[in-house]
Amino acid sequence: MKRGCRSIIFALLMGISLPAFADQDPNEILKAIVKIRSTIPDDARSARTLGTEREGTGVVIDSQGHILTIGYLIMEAETIEVFGPDGNPIKASSVGYDYNTGFGLLRTDKPLSVAPIELGQSSEVKEGDRVLVASHGGLDSVQGAWVVFRKEFAAYWEYLLEDAIFTVPVHPNFGGAALIDRNRRLVGIGSLFAQVMVPGIGSIPGNMFVPIDHLKPILADLISKGRPQVPPRPWLGLYVEETQERIIVS
């Protein structure tokens, strides 16, 4: 681990508050951060694991009413509502979902009267960078964070990101939350709570974000076809465990 990242972790463990961006006025940015509420049928495949009532955050990315979020919030949704800056609900529909990244795209019945957030370059996000994490709920839902890792994330549901963004401290409302860089641009979408293992320190709570660069090559397909037009990814279906410095197929 780089010395700078280790210093960040020690500062967090000692209770030193993270600095916000002194030159940032987040009020304009926050107008593009909206609340999403969805209902899912009881017999849906994901109802048992993800529930039938889901709530999280979405980010307005264009003037046509398209909102980017994390896909599990709207997967198999029967109804979707979006709450903009005025707090009033607007009906929305699911536009697309990408299994490889986890991105979900929806569209409101009528475009929101807000300026969309500009997409940044997540490839430029480095370990040690300061960022903002913003969920729906206004200024009280924005917090400063540090990028502690750019590394692979693999999950049991046939999911793999080779360059996921891990941040600390943890943001409690991470689902669909916006990761914003110093240029006020969107560089990631919140996906998961994650226990970040730091050598010499141990496990600390944080979040995993999906890099926004993965959206750009597939956005047109999501809008027009509902899914990326790419070959399916093959998977080997087995579980393994690490025991006594060995990998055991369980």
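This is a predicted model: local features need pLDDT of at least 70, side-chain atom pairs count only at pLDDT 80 or more; totals for chains, interfaces and linings use all residues.
Residues are numbered from 1 along each chain as its sequence is written, and side-chain values use heavy atoms, with hydrogens and water left out.

The protein has 250 residues, of which 45% count as buried, that is, under 20% relative accessible area with a 1.4 Å probe, protein chains only. Carbon and sulfur atoms hold 51% of an accessible surface of about 13400 Å² (Shrake-Rupley method, 1.4 Å probe).

I turn to the fold. There are 4 helices and 14 strands, taken as DSSP runs (helices H or I, at least four residues; strands E, at least two) and numbered from the N terminus. Of the strands, 6 close into an antiparallel barrel, in the order β7-β8-β9-β12-β11-β10. From one strand to the next, the twist averages 50°, with axes fitted to C-alpha atoms and angles running from 0 to 180 degrees between N-to-C directions.

Pairing requires at least two DSSP bridges between two strands. Strand β8 (residues 142–155) is joined to β7 (residues 130–134) by 5 bridges, with A134 partnered by V142. On β9 (residues 159–168), strand β8 has 8 bridges, and R150 is partnered by I165. The β8–β9 hairpin leaves 3 residues between the strands, and E158 in the turn has a positive phi of about 60°.

Terms used: Buried means under 20% relative accessible area, exposed over 50%, partly exposed in between (1.4 Å probe, protein chains only).
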